[in-house]
Amino acid sequence: MTTTAHPDTPIGRDYTRVEGPLKVTGRAQYAADHRFPGMLYAVPVGATVGKGRIRGIEAGVARGMPGVHKVYTRENIGRFPRVDEKTAKLDEYRPPMEDDVIRYYGQYVAVVVADTLEQAIAAATAVYVDYDEQVPDVSMDLVPDEEPAVESERGDAQGEFDRAAIRIDHTYTTPPETNNPLELHATVAVYDEAQGFTLYESSQGVVNHKAAMVRMLEVPEDRVRIITEHVGSGFGSKLWPWGHSVLAAAAARDLGRPVKLVLSRRMMFHNVGHRSNTRQRVRLSATKDGRLTSLQHDYLFHVAREEYHKENCGEATAFLYSTPNLRVTYGSARRDIAPTTSMRGPGAVPGLYAIESAMDELAIELGLDPVELRLRNEPERDEGANLPFSSRHLRECLLQGAERFGWARRDPRIGSMRRDGLILGWGMAACSWMAMRLKAQAQVELRADGTVRVASATQDIGTGTYTVVAQMAAFVLGVPLDRIEVALGDTTLPPGPTSGGSMATGSLVPAVLAAARDAVGRLADCAVRAGLLEAEPPGGWRVTDGRLHGADRPPSSGVPFEQALRTAGLDRIAGQGSAEGSEADPAFKRHSNHSFGAHFVEVTWEPAIARLRLSRVATVIDAGRIINPRTGRNQIEGAIVMGLGMGLLEETSYDRRNGAPVNNNLADYMVATNADAPEIDVHFVEYPDTVLNELGARGIGEIGLAGVAAAITSAVHHATGVRVRDLPVKIEDLLASGAAG
Ligand code: MOS
């Protein structure tokens, strides 16, 4: 059987989010919105020291307070077995309250459960913990614990660098950043003797979450169900389960009542991960005409005392530019700091801040336009992996971005460009992000009322997954989107991919298309058996506008699928689709698979009042076929605004005395807001990448953030003459230089 796309393909068309009405009317149910009769409220107690040991916990007062049902400590919560990496992924493998050792400030030491949130908060403050306290090491100096390891190497980078006449050698640092999704992490745990656990979670990966909980709660597979209908973003902090989830679940089982546990914003700064700080030395050498002769990228990052998460800054280094000599090394420093995690564009984002900053500095050294420098170093193939690119159009991104931004009008002299009394700074940077597919399954159900239901246990983390999944089904079935229902975020559905690494959409394509085609095939068999249609036509079956017909015959010759179902006496028919991850795909492995892009930014600088603003951005992205340009642009816009935060605002500061994040709230930890957002022009160059999937769609969540901070600091340099190599840019950096003169 063959089916082909509906001629008026819904792929590549703008659709507003199908769940939009639920969200704007407040009917969308996020994890913490779930409430049940008899539900209790849990509030964890976090360590107030950054290192040490618990000598004892005095919970008597708290236990006697109004509304308190129970105060859990490691004495009475029970033991949770450790999850091994093959079973499920976690960023903190040590289960909560496993021992009495304090490894970071805020580590869970007790949990109070009470009738109301207020009672639980009050009682949590009355739990007295006696610590044997030590001074934690939360130093931001990155001295590696061990000799850095080589990540990628070709030629003789150091030898070439030593001989070169034109070279730059600079060190760039990025601070710890804290993932601050709008929606707080939360678990509403319901336990039932018959059903087991139902956990309402704010999760980027319900399938993995379930696997971890099955192990930690020691129950059979079919006794844990994870539900995540909507997510108010996660930015990586919700990829893998954190300790609060198992605490809520254990309390619900023990008390026989539903338990809600919502983290406070303050807790979000130490209980659900953060992006490591990084220190990156970049050495480049080049010929006089701007060809890179060597590139060295040596990067360091901090990690928690017992957990390891690599901040993979070298992600794009080995293939972004052509150079015969290259060496990338990495190392880490253990600190008494909460576990680190993925934060949007993990690795590549800080990595490209350093690499792209260095490229800008090299362009200045050479007296060459920074766009031209990049064009001159465009590789033919991935020189790191020695593979052809599946689809690389960085050159076009650079050229089209320059065109859209008006880059040709740039006067490279520092402080030379002005508008309305403001000094303008123009900067640019390239970006890249990996493309991959995770294993995925989906089900497509055709129903006798003419509607379609697509189901997969993946998540919509605010990115538009509900909408693009509906578009994928519509692509095969030709049914309008308002007749397609999409069910996600529930482990009773066929297992779907984690919403991470910008991989969910690309991973779902083969599974959803296969499921839709399987449903069509099954329907056709029924229609033939019911005598509605003749035996399979030579060209196979096709569905056009919801009508099943022979591919070689007009749609009018066929029957609407709902009629076929009714004639066959069926209420519905379901097709299944599944696809292995790209790792198992030989064509994928024969290529280097990445997305690319270029950002052009303008800052305005008002020296008299030391005001720096990001005023304008033009971004061109090569992410293959864009299934829904509207939600796609939205992803890139959001990422650019996050890049503004990285460049100018975000930094987590830790108290050296006790390891507490001192700016643990949204007043002191600044994230970019609407008022900060510049005018943003997003454009996609659309080259379907059919190595990745049939529709040629790669992911777009993270690439928009990569490179933005480098473009901003380059623009700041252009405006002020100050090169900021330690993010974020602070006004003091600019004042200290006399730039405000
Ligand atoms: Mo993304 S940091 O993989 O959620």
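1. Contacts of Gly106. Leaving aside neighbours within four places in sequence, Gly106 is in contact (heavy atoms within 4.5 Å) with Gly46, Ala47, His270 and Asn271. Gly106 lies in the loop between β4 (101-102) and β5; helices (H or I, at least four residues) and strands (E, at least two) are DSSP runs, numbered from the N terminus. At 2% relative accessibility, Gly106 counts as buried, where buried means under 20% relative accessible area, exposed over 50%, and partly exposed in between (1.4 Å probe, protein chains only). Gly106 and Gly46 are 60 residues apart in sequence, yet their C-alpha atoms are 4.1 Å apart in space.

2. Basis of the model. This is a predicted model, in which local features need pLDDT of at least 70 and side-chain atom pairs count only at pLDDT 80 or more, while totals for chains, interfaces and linings use all residues. Residues are numbered from 1 along each chain as its sequence is written, and side-chain values use heavy atoms, with hydrogens and water left out.

3. Strand β1 and its partners. Six of the seven residues of β1 (residues 40-46) are buried, so this strand is largely enclosed by the rest of the structure. Two strands are taken to pair if DSSP finds at least two bridges between them. β1 runs antiparallel to β5 (residues 108-114), with six bridges joining them; Pro44 stands opposite Val111 in β5. With β12 (residues 259-262), β1 pairs in the parallel sense over three bridges, and here Leu40 stands opposite Val259.

4. Hairpin of β21 and β22. Strands β21 (residues 541-544) and β22 (residues 547-550) pair in the antiparallel sense over four bridges, and Trp541 has Gly550 as its bridge partner in β22. The hairpin has two residues between the strands, and Asp545 takes a positive phi near 50° in it. β22 is also joined by two bridges to β23 (residues 559-560), and these two strands run antiparallel; Pro560 in β23 is the bridge partner of Arg547.

5. The expected span of a helix is 1.5 Å times one less than its number of residues. For the 19 residues of α8 (residues 348-366) this should give 27 Å, and the end C-alpha atoms are 26 Å apart, which agrees. Because 17 of the 19 residues of α8 are buried, the helix is largely enclosed by the rest of the structure. Gly367, which follows α8, has a positive phi near 70°. The 13 residues of α16 (residues 708-720) should span 18 Å, and the end C-alpha atoms are 18 Å apart, again in agreement. α16 is mostly covered, with 13 of its 13 residues buried. Just after α16, Gly721 takes a positive phi of about 80°.

6. Cavities. A search of the whole structure finds five cavities of 30 Å³ or more. On a 1 Å grid over the protein atoms alone, a cavity is a set of points where a 1.4 Å probe fits but cannot get out, and lining residues have an atom within 4 Å of a point. Grid points are joined across faces, edges and corners, and a volume is the space filled by probe spheres set on the points. The largest cavity holds about 70 Å³ of space. Its lining includes His185, Glu201, His209, Lys238, Trp240 and Trp242. By class, the lining has three nonpolar, seven polar and two charged residues; Ala, Val, Leu, Ile, Met, Phe, Trp, Tyr, Cys and Pro count as nonpolar, Asp, Glu, Lys and Arg as charged, and the others, Gly among them, as polar.

7. Glu19 lies in the segment before α1 (20-24) and is buried, with a relative accessible area of 4%. Not counting residues up to four places away in sequence, Glu19 touches His230, Asp460, Tyr466 and Thr467. Gly236, in the loop between β11 (224-227) and α6 (243-255), also counts as buried, at 7% relative accessibility. Beyond its neighbours within four places in sequence, Gly236 is in contact with Asn179, Gln204, Thr341 and Ser342.

8. Backbone points to inspect. The peptide bond from Leu727 to Pro728 is cis, with omega near -10°, and Pro728 is found in the loop between α16 and α17 (731-736). Glu218 is not a glycine but has a positive phi of about 55°; this residue is exposed, with a relative accessible area of 57%. Ala610, likewise not a glycine, has a positive phi of about 50° and counts as buried at 16% relative accessibility.

Definitions and conventions
On a 1 Å grid over the protein atoms alone, a cavity is a set of points where a 1.4 Å probe fits but cannot get out, and a pocket is an open set with protein on both sides within 12 Å along at least five of seven lines; lining residues have an atom within 4 Å of a point.
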